[in-house]
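Here is a briefing on one protein chain. Look through the sequence and the model before reading the points that follow.

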Amino acid sequence: MIYETIITTTDVHGEVHIAPFGIQWQAGMVLISPYRPSTTLQNIVDTGRAVLNLTDDVRVFAAAVAKRARFATLPVMDGLAVRLQDALVHHGLNLHHMEDDIVRPTLWMEVQESVQHGMFMGFNRAQAAVIELAVLSSRLHLIPMDKIQQEIQYLRIAIDKTAGPRELEAWQWLEDLIQNYQAQQAGLLQA
C-alpha cells in the first residue's frame with residue numbers, strides 16, 4: 001500500500017525542501033523511492049535524514065507541485081531535521097540503507113521519533129481529489145492532456161460537493177499550473 005505524505009529534508013547547508021511522496025511501510029521501516037535526479041534523494045543521501053509528515057492540509061501537496069507558498073517548518077530530531085509546523089504527526093527518519101537503482105533507488109528509513117501534534121478529523125473526498133490532481137500535475141509531461149482533462153472533470157465532482165476553502169485554494173493552484181503548462185506547450189508548437 002502506498003501512503004501519500006509530505007517528506008521534508010534539508011541539504012547540508014540547512015536549506016529546507018518540501019515534497020509530496022508516496023511511501024510504503026515495510027518491516028517497521030519507511031520506504032521512499034525517489035526518481036533520479038531528485039532534491040529529496042540528494043538531501044537524504046547527503047544528510048542521512050528525512051521527516052515524514054502526515055497532514056490533512058492538501059494545500060501543502062498542491063503548493064509543492066505548483067511551486068506556490070512555502071509552509072512553515074520547525075526543527076526536530078535535536079535540530080538535525082525539520083517538520084511541517086502544522087503536521088498532524090511527524091516521524092523523524094534516519095537512512096538505514098539504500099537499494100541503488102539508476103532510475104528509482106529505494107531508501108530504507110528507520111523511525112527515530114514519532115510525535116502526534118493534532119487530531120485527524122476524518123476523510124474528505126475533496127482532499128482526495130486535490131491529492132490525485134497533484135499527482136497528475138506532477139506528470140504533465142508523461143500523460144496525454146486529454147486524459148488529464150477527463151480526470152479533472154471527474155475529480156471536480158468531489159471538489160464541487162465537499163471542498164472547503166483550503167481545498168478550493170489548492171485546486172486553483174493546480175488548475176493554474178495545468179493551464180500554464182498547456183499555454184507553454186501551445187507556444188512551443190507554434191514556434
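Pro37 lies in the loop that runs between β3 (29-32) and α1 (39-47). The model is a predicted one. In that model, a cis peptide bond joins Arg36 and Pro37, with omega at about -15°.

**Overall build**

- The protein has five helices and eight strands.
- From the N terminus on, the elements run β-β-β-α-β-α-β-β-β-β-α-α-α.
- Taken along the principal axes, the C-alpha atoms fill a box of roughly 50 × 40 × 30 Å.
- Of the 191 residues, 42% count as buried.
- Take the contacts with a separation of 6 or more: 65% of them come from residues 24 or more positions apart.

**Helix α2 and its partner α3**

- Helix α2 covers residues 59-66, and helix α3 covers residues 125-137.
- The two pack at an angle of about 15°, and their axes are 9 Å apart.
- That angle makes α2 roughly parallel to α3, because angles under 35 degrees count as roughly parallel.
- The crossing of α2 and α3 is left-handed.
- On the α2 side, the contact uses Phe61, Ala62 and Val65. On the α3 side, these meet Val130, Ile131, Ala134 and Ser137.
- By class, this contact of α2 with α3 has six nonpolar residues, one polar residue and no charged residues.
- α2 is mostly covered, with seven of its eight residues buried. The buried residues are Val60, Phe61, Ala62, Ala63, Ala64, Val65 and Ala66.

**Helices α3 and α4**

- Helix α4 covers residues 145-162 and packs with α3 at an angle of about 155°. The axes are 8 Å apart.
- α3 and α4 are therefore roughly antiparallel to each other, as angles over 145 degrees count as such.
- α3 passes α4 in a left-handed crossing.
- From α3, the contact takes in Arg125, Ala126, Ala129, Val130, Glu132, Leu133 and Leu136. From α4, it takes in Ile148, Glu151, Ile152, Leu155, Ile157, Ala158, Ile159, Lys161 and Thr162.
- The residues of this contact of α3 with α4 divide into 11 nonpolar, one polar and four charged.
- Val130 in α3 is listed in the contact with α2, and Val130 is listed in the contact with α4.

**A buried strand residue: Ile6**

- Ile6 lies in strand β1 (residues 3-10).
- Ile6 is buried, with a relative accessible area of 0%.
- Ile6 and Leu52 are 46 residues apart in sequence, but their C-alpha atoms are 6.0 Å apart in space.
- Leaving aside neighbours within four places in sequence, Ile6 is in contact with Ile18, Ala19, Pro20, Val51, Leu52, Asn53, Thr55, Val60, Phe61 and Leu84.
- Two of those partners, Val60 and Phe61, are among the buried residues of α2.

**Loop residues on either side of α2**

- Asp57 lies in the loop between β4 (49-54) and α2.
- Is Asp57 buried or exposed? At 5% relative accessibility, Asp57 counts as buried.
- Leaving aside neighbours within four places in sequence, Asp57 is in contact with Phe71 and Arg166.
- Arg68 lies in the loop between α2 and β5 (73-76).
- At 36% relative accessibility, Arg68 counts as partly exposed.
- Not counting residues up to four places away in sequence, Arg68 touches Ala63, Trp173 and Asp176.
- Arg68 and Trp173 are 105 residues apart along the chain, and their C-alpha atoms are separated by 7.6 Å.

**Backbone angles to check**

- Lys67 has a positive phi of about 55°, although it is not a glycine.
- Lys67 counts as exposed, at 71% relative accessibility.
- Asp78 sits in the loop between β5 and β6 (81-84).
- Asp78 has a positive phi of about 55°, although it is not a glycine.
- Asp78 is exposed, with a relative accessible area of 82%.

How values were computed. Residues are numbered from 1 along each chain as its sequence is written. This is a predicted model: local features need pLDDT of at least 70, side-chain atom pairs count only at pLDDT 80 or more; totals for chains, interfaces and linings use all residues. Side-chain values use heavy atoms; hydrogens and water are left out. Axes are lines fitted to C-alpha atoms, for helices over the stretch in contact, and angles run from 0 to 180 degrees between N-to-C directions. Helices (H or I, at least four residues) and strands (E, at least two) are DSSP runs, numbered from the N terminus. Angles under 35 degrees count as roughly parallel, over 145 as roughly antiparallel, 65 to 115 as roughly perpendicular and the rest as oblique. A crossing is left-handed if the near helix is turned anticlockwise from the far one by less than a right angle, and right-handed if clockwise. Contact means heavy atoms within 4.5 Å. Ala, Val, Leu, Ile, Met, Phe, Trp, Tyr, Cys and Pro count as nonpolar, Asp, Glu, Lys and Arg as charged, and the others, Gly among them, as polar. Buried means under 20% relative accessible area, exposed over 50%, partly exposed in between (1.4 Å probe, protein chains only).
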